[in-house]
Amino acid sequence: MNNIAYTPFQDPESLYALNEALLEGEDLRGLNLLMSFTGFSDAGHVIHQIAGELIDQLAAEPVAVFDVDQLIDYRSRRPRMTFTEDHLSDYQAPSLVLYRMVDALGKPFLFLNGSEPDLQWERFTSAVLGLVRRLDVNLTAWVHSVPMPVPHTRPIGATVHGNRPELIEGISAWKTTLDIPSAIGHLLEYRLAAEGRNVVGYAIHVPHYLADAEYPPAAVAGLEYLGAAASLMLPSERLREAGRAVERQITEQVEASAEVQAVVRNLEKQYDEHSEGTERRSLLAGDNDELPDADELGAAVEAYLASRDGSSGAGSSSGVTGDGDSGNI
């Protein structure tokens, strides 16, 4: 038995339906892939907010739709329904979809989003890896969020993992060795790395006392990490505005309670002591480790748009590369 290599008994490709018209009409090879799954750890409702912003604000077409009936245990995660006075008016069915999306600058990318499978992890992983190979995905970046004993008054941190040193080194707020419960994102990252494919994951740190509520600043941080890693301009302005309102509410609640103030001060002290002497690198920083200002970002956007307006013919190229490197926004 030790010499038998395990593979799913059922064909992984039968787990999803493809949008053949889209695949025939457009070359999707070489794009970057973003992933987010609900059902594991979504402190601050970060995944829910990120998926909502991307799907609501960006042009999206389904590339592949997964058969969730084979993947979801409905009785352990019962879908929500809406009861309106005397009838059922809405059913929020689970879904798992691979989308083709276009960012704010017209750059295409792939986005795999939906409910984390309860069942058939090996088959689902084989199915996703098959799509990654078929589409020759350049970089896979995924995000989730975890509650941490950190204050809301300090920069939002992240634990970064994967096999792209330039996207990892100097960013993680802490490093350790742990035996952790895995998510489907972890398994996908593990298998992608085993194949030598570019992959990076971000666990966004959410203050533990805010983990059960929507915390837009953490979702903004998640979008920034994904966008910088994949060289994409992702929508975040609505979340930033919502975050400012939430921060005002948090400030009011903290100021109204001496006990809460003491807790926050203690967390600030622990955070500052842990961070003392540690310099964290930003994915948005350039070679001199300085963040680009508004003028530099604006100039980069204008240059990119100009390159698109001036390009023609099959051999033309855009001003932003799809190599997944950061710092070139």
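In H8, the buried residues are Val-264, Leu-267, Glu-268, Tyr-271 and Ser-275. Looking down the helix axis, you'd find those buried residues within an arc of 105°, so they line one face of H8. Keep in mind that this is a predicted model.

**More on helix H8**

- The helix runs over residues 258-275, which makes 18 residues.
- From first C-alpha to last, H8 reaches 25 Å, close to the 26 Å expected at 1.5 Å a residue.
- Helix H7 (237-255) is included in what covers the buried residues of H8.
- As a general point, an α-helix has 3.6 residues a turn, so residues three or four places apart point the same way.

**Cavities**

- The count of cavities of 30 Å³ or more comes to 3.
- The second largest cavity has a volume of about 60 Å³.

**What lines the second largest cavity**

- Leu-33, Phe-66, Leu-98, Leu-110 and Leu-112 are among the lining residues, and so are Val-128, Leu-131, Val-132, Leu-135 and Val-137.
- By type, the lining of the second largest cavity divides into 10 nonpolar residues, with no polar and no charged ones.
- Two elements, strand E7 (108-115) and helix H3 (121-135), each supply at least two residues of this lining.
- H3 gives the largest share of the lining, with 4 residues.

Conventions: Residues numbered from 1 in each chain as written. Predicted model: local features only at pLDDT ≥ 70, side-chain atom pairs only at ≥ 80, totals over all residues. Heavy atoms only, no water. 1 Å grid on protein atoms, 1.4 Å probe; cavity = no way out; pocket = protein on both sides within 12 Å on 5 of 7 lines; lining within 4 Å. Points joined across faces, edges and corners; volume = space filled by probe spheres on them. Nonpolar A, V, L, I, M, F, W, Y, C, P; charged D, E, K, R; others polar. Expected span 1.5 Å × (residues − 1). Buried < 20%, exposed > 50% of the residue type's maximum accessible area, 1.4 Å probe, protein only. Arc of directions from axis to C-beta. Contact = heavy atoms within 4.5 Å.
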